[in-house]
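Please read them with the structure open.

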Amino acid sequence: MQLLRFMVAIATFTFGTVTVAAAGTSSQLPVQTVAKVEPSRYMGRWYEIARLPNKFQKGCVGSYTDYSLRDDGQITVFNACHDEKDGKLRQAKGRAWVVDQTSNARLKVSFFWPFRSDYWIIGLGKEYEYSVVASPNRKYLWVMSRTPSMNDELYADIMKDAERQGFDTKNVIKDIPGSHAGG
């Protein structure tokens with residue numbers, strides 16, 4: 001019994017030391033979300049303008065997402081894109097829920113239980129004409145727009161803001177213009 005307690009104590013100490021060391025090595029500030037999101041204004045269709053590469057969207061072009069409020073207060077998330085090779089529509093339906101009721105800018109998204117991901121809104125146009133969505137670990141980043149294209153100057157400003165937040169903007173993939181047909 002004493003050996004078991006000793007092993008648990010060593011494991012706990014080791015894990016704690018590694019966690020503190022990892023946290024202490026990061027010079028980046030935490031990712032900042034927007035101050036406030038009105039969920040009803042955020043609902044509707046968003047076209048993907050650009051993203052950091054990720055496994056689940058490999059080969060996707062013409063990506064878009066539809067959000068709709070559910071009766072239980074959660075959000076239905078419908079993602080779609082066209083396969084770049086054969087043009088076939090690829091779809092995924094999930095749900096999201098707000099985890100920060102003060103700003104409504106931090107959500108969790110799940111496309112299949114029990115897996116869920118952070119969905120943080122880090123940029124938002126005054127008229128909800130664009131949105132920048134990311135994960136707090138900086139692995140994921142999407143630039144979304146209410147229209148299938150975006151002004152180059154606005155896009156450049158968004159990339160500067162994302163870079164200031166520590167995102168690797170040199171690896172961002174812009175969606176192919178005109179690939180939102182049927183979306």
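**Notes on the model**

1. The model is a predicted one. The buried residues of helix α3 are covered by parts that include β1 (44-51), β7 (130-134), β8 (141-145) and β9 (173-174).

2. Helix α3 takes in residues 152-164. The buried residues of α3 are Y155, I158, M159 and A162. Looking down the helix axis, these buried residues fall within an arc of 100°, and they therefore line one face of α3. On the face turned away from the buried side are the exposed residues E153 and R164.

3. How is the N-terminal end of α3 capped? The cap is N151, with a side-chain oxygen 2.6 Å from the backbone nitrogen of E153. After α3 comes G166, which has a positive phi, near 95°.

4. The largest nonpolar core has 20 residues, and V37, Y42, Y67, Y119, I121 and L124 are those that touch the most other members. Two or more residues each come from β3 (75-83), β4 (89-98), β5 (106-112), β6 (115-124) and β8. The element that gives the most to this core is β6, with three residues. Apart from this core lies another, of 18 residues, and V31, Y130, M159 and A162 are among them.

5. L124 deserves a separate entry. Leaving aside neighbours within four places in sequence, the contacts of L124 are V34, K36, V37, Y42, W46, Y130 and S131.

6. T65 is placed in strand β2, residues 60-69. Is T65 buried or exposed? Its relative accessibility is 8%, so T65 counts as buried. The side chain of T65 makes a polar contact of 2.7 Å with the side chain of N79. Not counting residues up to four places away in sequence, T65 touches G44, R45, W46, V77, F78, N79 and M144.

7. The count of salt bridges comes to eight. One of them joins E127 and R41, with the closest N and O atoms 3.7 Å apart. Because E127 lies in the loop between β6 and β7 and R41 in helix α2 (residues 39-42), this pair ties together parts that are 86 residues apart in sequence. E127 is exposed, at a relative accessible area of 62%, while R41 is partly exposed at 32%.

8. K108 and D118 also form a salt bridge through their side chains, at 2.7 Å from N to O. K108 belongs to strand β5 and D118 to strand β6, so the pair ties together parts ten residues apart in sequence. K108 is partly exposed, with a relative accessible area of 23%, and D118 is partly exposed with 31%.

9. A salt bridge also links the side chains of K170 and D168, at 2.9 Å from N to O. K170 is exposed, its relative accessible area being 70%. D168 counts as partly exposed, at 31% relative accessibility.

Terms used: Residues numbered from 1 in each chain as written. Predicted model: local features only at pLDDT ≥ 70, side-chain atom pairs only at ≥ 80, totals over all residues. Heavy atoms only, no water. Helix = DSSP H or I, 4+ residues; strand = E, 2+ residues; numbered from the N terminus. Expected span 1.5 Å × (residues − 1). Buried < 20%, exposed > 50% of the residue type's maximum accessible area, 1.4 Å probe, protein only. Arc of directions from axis to C-beta. Contact = heavy atoms within 4.5 Å. Polar contact = N/O pair within 3.5 Å; in protein donor to acceptor, adjacent residues only side chain to side chain. Core = buried A, V, L, I, M, F, W, Y, C linked by side-chain atoms within 4.5 Å. Salt bridge = Lys/Arg side-chain N within 4 Å of Asp/Glu carboxyl O.
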